[in-house]
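Please keep the structure open beside you as you read.

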Amino acid sequence: MNFTKMHGLGNDFIVIAGESRLPDNAASLAVSCCNRFFGIGADGLVFVLPSDRADFMMRIMNSDGSEAEQCGNAIRCVAKYVYDNGLTDKTELAIETIGAGVQPVRLQVQDGKAFSVTVDMGIPVLNGLSVPTTVDRNPVVDYPVEIDGVTFRFTAVSMGNPHCVVYVDDAAGFDLYRWGPKLEQHPLFPKRVNVEFATVRSREHIDMRVWERGAGPTLACGTGACATLVASVLKGVSGRRAVVSLKGGDLEIEWAEEDGRVYMTGPAVTVYRGTLVE
């Protein structure tokens, strides 16, 4: 089984194509391959599969073996993979996900290779029960949650996968390891949740750090960046277009007023190729 190691702003993936369906051992394969000491090392294992509804289908297994409904950095990597490897000559195509449906993507190409990808991430889900949370509000903005005597306030957004966005004074210096897993597994979130800690620098610039459900702290999260921009608009602290700065780099996010859809633009990079021997 051949693989390609790729990343979007340091959020890294093992990409496998050529399978007709998701392998039965996908979960255990993800755990072993994503291990950074005894495997290849990655935040997730991504399968590029055939689709009856789109040009391709993406299935992504987190490093703990759970399946993610969607991943903004992974979908950019998949788009680059299929173009760079001659599986399509389209610079505008559609990729199916299990959580966010079919998502259109547009590739920016130079010297025959895709270097940047814009993804139509769809219309965000803001109803609390649908995100899902246990909070029956629409939208859920600045809702309090108490952990170990500390009260956080979160805004809930689904971008095909669940997010809670928490605003802090210094996202870059925030203790992800202490608070991330406790929020991820809080009973308010019946399917667990991706947690974004955000600091608004201006109406056009937001800093963000992420604790990803099933993966822990990662250098970037595309759906998380989208959720953060949506939450910031709902709170009135940013415009509808902003740069979201993550540890691995910047993403350009827009929540378009005319159609209500979220658009994400960012890079995708191929690192190396190899073969799984076991």
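1. Let us begin with E184 and R192, which form a salt bridge whose closest N and O atoms are 2.8 Å apart. A salt bridge here is a side-chain nitrogen of Lys or Arg within 4 Å of a carboxyl oxygen of Asp or Glu. E184 counts as buried at 4% relative accessibility, whereas R192 is partly exposed, with a relative accessible area of 27%. Buried stands for under 20% relative accessible area, exposed for over 50%, and partly exposed for what lies in between (1.4 Å probe, protein chains only).

2. A word on what you are looking at: this is a predicted model, in which local features need pLDDT of at least 70 and side-chain atom pairs count only at pLDDT 80 or more, while totals for chains, interfaces and linings use all residues. Residues are numbered from 1 along each chain as its sequence is written, and side-chain values use heavy atoms, with hydrogens and water left out.

3. R192 also meets the side chain of D64 in a salt bridge (3.7 Å, N to O). D64 lies in the loop between β4 and β5 (67-68) and R192 in the loop between α3 and β12, so this pair ties together parts that are 128 residues apart in sequence. D64 is partly exposed, at a relative accessible area of 38%. Helices (H or I, at least four residues) and strands (E, at least two) are DSSP runs, numbered from the N terminus.

4. P190 is placed in the loop between α3 (176-184) and β12 (194-202). Is P190 buried or exposed? With a relative accessible area of 53%, P190 is exposed. Leaving aside residues up to four places away in sequence, P190 touches P132, T133 and T134; contact means heavy atoms within 4.5 Å. P190 and P132 are 58 residues apart in sequence, yet their C-alpha atoms are 6.8 Å apart in space.

5. How many salt bridges does a search of the whole structure find? The search finds 16. One of them joins the side chains of E96 and R53 (3.4 Å, N to O). E96 lies in strand β6 (residues 92-97) and R53 in the loop between β3 and β4, so the pair ties together parts 43 residues apart in sequence. E96 is buried, at 11% relative accessible area, while R53 counts as exposed at 55%. Elsewhere, a network of salt bridges links K5, D12, R36 and D43.

6. Next, have a look at strand β1 (residues 2-8), which is mostly covered, with five of its seven residues buried. β1 pairs with strand β18 (residues 269-275) in the antiparallel sense over six bridges, and T4 stands opposite R273 in β18. Strands count as paired if DSSP finds at least two bridges between them. β1 and β2 also run antiparallel, joined by five bridges, with M6 opposite F13 in β2. The hairpin of β1 and β2 has two residues between the strands, and L9 takes a positive phi near 55° there.

7. An α-helix has 3.6 residues a turn, so residues three or four places apart point the same way.
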